[in-house]
Amino acid sequence: MSSLLDTVIARQARDLQLEVGKPPTIRVKGILKPIGSTRLTAKDTLRLMDQITGGAERKRLDSQGCAEFGFAYGDKGRFWTTVFKQGKRLGLILYHLHPAIFPDPAHPAPCPVCRAKPRKK
């Protein structure tokens with residue numbers, strides 16, 4: 001996960017998208033760009049998710065089908081993250097909170113993808 005987050009920051013990407021069957025993808029100036037050509041497996045996606053989620057997020061994911069949370073990547077940057085189920089697969093979107101736009105770490109912007117509504121299993 002560290003190398004992916006470093007890429008997001010270095011390329012000034014808006015977000016990082018992780019989806020089974022596709023390579024990790026970043027959005028730079030509105031354009032989606034794959035990082036490499038290696039497609040993520042279900043195990044890859046789960047491993048990456050495990051590196052950034054805790055017990056509370058896992059419980060929300062299991063009960064509601066998605067979870068949102070913020071985290072700091074050391075002193076390099078902050079991310080607002082949505083983890084969601086796509087059928088039996090996981091997907092993640094990590095929004096890079098640029099310090100010039102989101103200076104207050106206590107109040108990240110809400111993610112438009114997940115509104116924490118319960119989903120049918």
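Modeller: Strand 5 and strand 6 form a hairpin with two residues between them, and glycine 87 in the turn has a positive phi of about 65 degrees. Strands here are DSSP runs (E, at least two residues), as are helices (H or I, at least four residues), all numbered from the N terminus.

Colleague: What kind of model is this, and how are residues numbered?

Modeller: This is a predicted model, in which local features need pLDDT of at least 70 and side-chain atom pairs count only at pLDDT 80 or more, while totals for chains, interfaces and linings use all residues. Residues are numbered from 1 along each chain as its sequence is written, and side-chain values use heavy atoms, with hydrogens and water left out.

Colleague: How many bridges pair strand 5 with strand 6?

Modeller: Nine bridges pair strand 5 (residues 77-86) with strand 6 (residues 89-97) in the antiparallel sense. Two strands count as paired if DSSP finds at least two bridges between them. Glutamine 86 has arginine 89 of strand 6 as its bridge partner, and valine 83 has leucine 92.

Colleague: Which helix packs on the sheet there, touching strand 1, strand 5 and strand 6?

Modeller: Helix 2 (residues 42-50) does, and its direction makes about 45 degrees with that of strand 6. Contact means heavy atoms within 4.5 Å. Axes are lines fitted to C-alpha atoms, for helices over the stretch in contact, with angles from 0 to 180 degrees between N-to-C directions.

Colleague: And what does helix 3 touch?

Modeller: Helix 3 (residues 55-64) packs on the sheet against strand 4, strand 5 and strand 6, at about 160 degrees to the direction of strand 4.

Colleague: Back to helix 2: is threonine 45 buried or exposed?

Modeller: Threonine 45, found in helix 2, counts as buried because its relative accessibility is 0%. Buried means under 20% relative accessible area, exposed over 50%, and partly exposed in between (1.4 Å probe, protein chains only). Leaving aside residues up to four places away in sequence, threonine 45 touches Glu19, Val20, Leu40, Leu90 and Leu92.

Colleague: How many residues of strand 5 are buried?

Modeller: Eight of its 10 residues are buried, so strand 5 is mostly covered.

Colleague: What joins strand 4 to strand 5?

Modeller: Eight bridges join these antiparallel strands, and tyrosine 73 stands opposite glycine 77 in strand 5. The two strands form a hairpin with three residues between them, where glycine 74 in the turn has a positive phi of about 55 degrees.

Colleague: In what order do the strands lie?

Modeller: The six strands form an open antiparallel sheet in the order 3-2-1-6-5-4. Strand 3 (31-34) and strand 4 (66-73) are at the edges with a single partner strand each, so one side of each has no neighbour in the sheet. On average, neighbouring strands are turned by 20 degrees against each other, direction ignored.
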